[in-house]
Amino acid sequence: MTGLDPEVFEAIRDLVYRRTGIAFDDRKRAFVASRVARRLAELDLEGPVEYLRHLRYADPEGSEFQTLVELLTTNETYFFREYDQLALFANHLLPELADRKREAGDRRLRLWSAACSTGDEAYTLAIILRACLDDFEDWRVEVLGTDIDRRVLSTARRATYGRRAVKDVPQPYLEAYFDRVDGGFRVRDEIRSLVRFEQLNLLDDPAMERIRGMDTTFCRNVLIYFDDAARRRVLSHFYDALHPGGYLFLGHSESVARISDAFEMQRVEGEIAYRKPLEKEEGVPAHRRRAAR
Ligand SMILES: C[S@@+](CC[C@H](N)C(=O)[O-])C[C@H]1O[C@@H](n2cnc3c(N)ncnc32)[C@H](O)[C@@H]1O
């Protein structure tokens with residue numbers, strides 16, 4: 001395995017951090033080195049210094065950087081992950097959201113699986129909406145799944161999964177919303193048609209500013225890889241992307257505490273969701289609100 005000099009490791013680490021928010025500490029040096037070694041062999045480059053030069057000066061479109069990032073991301077995911085949190089959404093928050101929207105005459109529901117990996121979470125949310133909204137036919141439902149990694153997004157679009165990915169899917173849902181195919185389970189078109197996938201870097205400010213009008217955002221098991229500065233930036237975008245009264249879910253080991261006081265914490269039966277206050281600061285420009293947080 002190719003070693004990485006401290007300077008080369010730090011330079012690659014800084015590049016990755018600045019563009020993606022993923023923060024590698026020194027314990028990850030061997031991991032980064034092994035991924036760089038793979039690219040050196042594939043590109044037929046002499047060593048890490050040449051690779052760093054290649055990244056800096058011979059990659060104007062950022063395609064090599066993208067390839068490196070895809071080797072460095074952790075894509076672990078499965079359907080109905082962190083089940084109790086999904087139950088909080090399905091049993092408590094979704095009915096409240098839906099009631100509020102019915103009263104306002106708004107029949108559109110938009111959910112975002114931010115950093116969706118292979119799509120398991122996005123399809124899980126679509127299944128929950130399909131199964132839990134009694135008057136589903138009266139709604140216009142959309143789930144947006146985004147990730148920085150193009151490889152996982154192509155798996156997401158194929159919508160075919162092995163047994164491990166669906167191990168936590170309740171049996172009735174497995175029967176209702178999946179077809180058995182060679183080598184696994186395929187999400188049925190009825191669910192697929194509710195979900196749209198897009199490549200999106202959570203640290204790409206202009207792209208993030210285009211995402212608006214979400215009723216609930218799930219961003220789970222991603223911010224653990226970021227430092228506080230990057231988390232703050234992403235949370236600020238999530239705040240702006242949500243409708244007032246909308247919810248944000250983070251992973252179990254993640255929290256907005258210390259980072260932002262813009263959200264109200266809702267705790268039900270030990271599970272936590274963050275709510276954008278209903279009527280706060282409307283009309284105040286986003287950059288002023290962000291500065292105040
Ligand atoms: C561990 S998976 C989490 C998947 C899913 N949310 C879950 O909880 O099961 C983390 C995902 O975050 C994505 N990711 C990491 N940094 C990102 C960034 N800056 N922008 C968008 N996605 C990112 C990775 O590509 C990976 O697919």
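Arg192 counts as partly exposed because it has 17 C-beta neighbours inside 10 Å. The cut-offs are simple: a residue is buried if 20 or more other C-beta atoms lie within 10 Å of its own, exposed if 12 or fewer, and partly exposed in between, with C-beta atoms placed from the backbone. Arg192 lies in helix α9 (residues 189-192). Helices (H or I, at least four residues) and strands (E, at least two) are DSSP runs, numbered from the N terminus. Arg192 touches Ala159 and Val187, leaving aside residues up to four places away in sequence. Contact here means that the C-beta atoms of two residues, placed from the backbone, lie within 7 Å. Ala156 is 36 residues from Arg192 along the chain, and their C-alpha atoms are separated by 9.8 Å.

A word on the model itself. It is predicted: local features need pLDDT of at least 70, side-chain atom pairs count only at pLDDT 80 or more, and totals for chains, interfaces and linings use all residues. Residues are numbered from 1 along each chain as its sequence is written.

Val187 is in β5, and Phe178 stands opposite it. Strand β4 (residues 178-181) and β5 pair antiparallel over four bridges. Two strands pair if DSSP finds at least two bridges between them. β4 and β5 form a hairpin with two residues between them. Gly183, in the turn, has a positive phi of about 80°. β5 (residues 184-187) is also joined to strand β3 (residues 160-161), by two bridges, and these two run antiparallel. Here Tyr161 stands opposite Phe185 in β5.

Now step back to the whole chain. It has twelve helices and ten strands. Its radius of gyration is 20 Å, close to the 19 Å that the globule rule gives for 293 residues, so the chain is as compact as a globular protein of that length. The radius is taken over C-alpha atoms, and the rule is 2.2 Å times the number of residues to the power 0.38. The C-alpha atoms fill a box of roughly 65 × 55 × 35 Å along the principal axes. Buried residues make up 36% of the 293 residues. Of the contacts with a separation of 6 or more, 76% join residues 24 or more positions apart.

The chain divides into domain 1 (6-72) and domain 2 (83-292). These bounds come from an automatic or database domain assignment. The domain centres, taken over C-alpha atoms, are 30 Å apart. Seven residues from domain 1 and twelve residues from domain 2 make the contact. On the side of domain 1 that touches domain 2, α1 (6-20) and α4 (63-72) are the elements that give two or more residues.

What surrounds the ligand? Its shell holds 25 residues, and the closest are Thr73, Thr77, Ala115, Ser117 and Ile148. A residue is near a molecule if its C-beta atom, placed from the backbone, lies within 6 Å of it. Both domain 1 and domain 2 give residues to this shell, so the ligand lies between them.

One last stop is Leu4, in the segment before α1. Is Leu4 buried or exposed? Leu4 counts as buried, because it has 24 C-beta neighbours inside 10 Å. Beyond residues up to four places away in sequence, Leu4 touches Phe9, Arg29, Val32, Ala33, Val36 and Pro48. The C-alpha atoms of Leu4 and Arg150 are separated by 27 Å, with the two residues 146 apart along the chain.
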